[in-house]
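This briefing summarises the architecture, helix packing and aromatic pairing of the chain shown below. The points are grouped by topic for quick reference.

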Amino acid sequence: MLARIALGLDGVQAAQRGRTAEARASFEALWEALGERGDVFHRCVLAHYLADLQDDPRAELEWDHRALAAADSLTAERAQTYESALQVRAFYPSLHLNLASDHLKLGEPDLAREQLERAVRSLDALPEDDYSTSIRKAVDELRQRLR
């Protein structure tokens with residue numbers, strides 16, 4: 001399955017090149033192959049990517065909820081079979097940030113603030129690297145938009 005997900009990363013590149021529908025179709029095919037009861041780590045990663053590829057904010061919210069539900073079921077041991085240093089806790093800032101953004105797009109600022117607060121409370125799980133810096137910056141930017 002990881003090999004299939006790696007192939008699906010071509011879908012992310014397609015999205016970055018403006019071929020969103022192609023990317024979405026690629027990941028949806030992987031999701032169908034995986035199934036709702038498939039490996040929880042794979043479900044988390046795929047749902048996270050699929051959320052970003054949605055045109056409809058409600059669909060994006062649904063995929064982000066799927067990613068969060070999968071993360072909630074993910075054990076550290078399973079995540080570390082992918083990468084030994086991977087910490088499940090470090091998934092939550094991004095997951096909650098995405099949910100906050102979804103709710104803001106849907107005109108639900110109170111729900112957006114709730115999810116943003118969850119993202120803020122989980123920031124301590126992030127290591128000090130470029131990715132984490134980008135998450136912290138996005139949290140700050142969304143906080144400013146919600147004032």
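**Overall architecture**

The model is predicted. The points below cover the chain as a whole, then its aromatic pairs, and then individual helices.

**Burial, contacts and surface**

- Of the 147 residues of the chain, 44% count as buried.
- Among contacts between residues at least 6 apart in sequence, 55% join residues at least 24 apart.
- The chain exposes about 8100 Å², and carbon and sulfur atoms supply 49% of that area.

**Aromatic pairs**

- With ring centres required to lie within 6.5 Å, the count comes to three aromatic pairs.
- In one of them, the rings of Phe27 and Tyr49 have centres 5.3 Å apart and planes at 20 degrees; the pair is stacked because planes under 30 degrees apart meet that description.
- This pair links distant parts of the chain, with Phe27 in helix α2 (residues 20-34) and Tyr49 in helix α3 (residues 40-52), 22 residues apart.
- Phe27 is buried, with a relative accessible area of 0%, whereas Tyr49 is partly exposed, with a relative accessible area of 27%.
- The rings of Trp31 and Trp63 have centres 4.9 Å apart and planes at 90 degrees, so this pair is edge-to-face.
- Trp31 lies in helix α2 and Trp63 in helix α4 (residues 57-73), so the pair ties together parts that are 32 residues apart in sequence.
- Trp31 and Trp63 are both buried.

**Helix α4**

- The 17 residues of α4 should span 24 Å at 1.5 Å a residue, and the end C-alpha atoms are 25 Å apart, which agrees.
- The buried residues of α4 are Ala59, Glu60, Leu61, Trp63, Asp64, Ala67, Leu68, Ala70 and Ala71.
- These buried residues of α4 pack against α2, α3 and α6.
- At the start of α4, a side-chain oxygen of Asp56 reaches to within 3.1 Å of the backbone nitrogen of Arg58.

**Helix α8**

- Helix α8 (residues 130-145) has 16 residues and reaches 23 Å from its first C-alpha to its last, close to the 22 Å expected at 1.5 Å a residue.
- Ser132, Ile135, Val139 and Leu142 are buried in α8.
- These four residues cover an arc of only 90 degrees around the axis, which puts them on the same side of α8.
- An α-helix has 3.6 residues a turn, so residues three or four places apart point the same way.
- On the face of α8 turned away from its buried side are the exposed residues Asp130, Lys137 and Arg145.
- The cover over the buried residues of α8 includes α6 (92-105) and α7.
- Asp129 caps the N-terminal end of α8, where one of its side-chain oxygens lies 3.3 Å from the backbone nitrogen of Tyr131.

**Gln115 in helix α7**

- Gln115 lies in helix α7, which comprises residues 109-121.
- Gln115 has 6% relative accessibility and therefore counts as buried, the cut-off being under 20%.
- Leaving aside neighbours within four places in sequence, Gln115 is in contact with His96, Leu99, Ala100 and His103.

Key:
Residues are numbered from 1 along each chain as its sequence is written. This is a predicted model: local features need pLDDT of at least 70, side-chain atom pairs count only at pLDDT 80 or more; totals for chains, interfaces and linings use all residues. Side-chain values use heavy atoms; hydrogens and water are left out. Helices (H or I, at least four residues) and strands (E, at least two) are DSSP runs, numbered from the N terminus. Buried means under 20% relative accessible area, exposed over 50%, partly exposed in between (1.4 Å probe, protein chains only). Contact means heavy atoms within 4.5 Å. The expected span of a helix is 1.5 Å times one less than its number of residues. The arc is that of the directions from the helix axis to the C-beta atoms. A polar contact is a pair of N or O atoms within 3.5 Å; within protein, one must be able to donate a hydrogen and the other to accept it, and residues adjacent in sequence count only if both atoms are side-chain atoms. Accessible areas come from the Shrake-Rupley method with a 1.4 Å probe; for residues, only the protein chains shown count as cover. Rings of Phe, Tyr and Trp (its six-membered ring) pair if their centres lie within 6.5 Å; planes under 30 degrees apart count as stacked, over 60 as edge-to-face and the rest as tilted.
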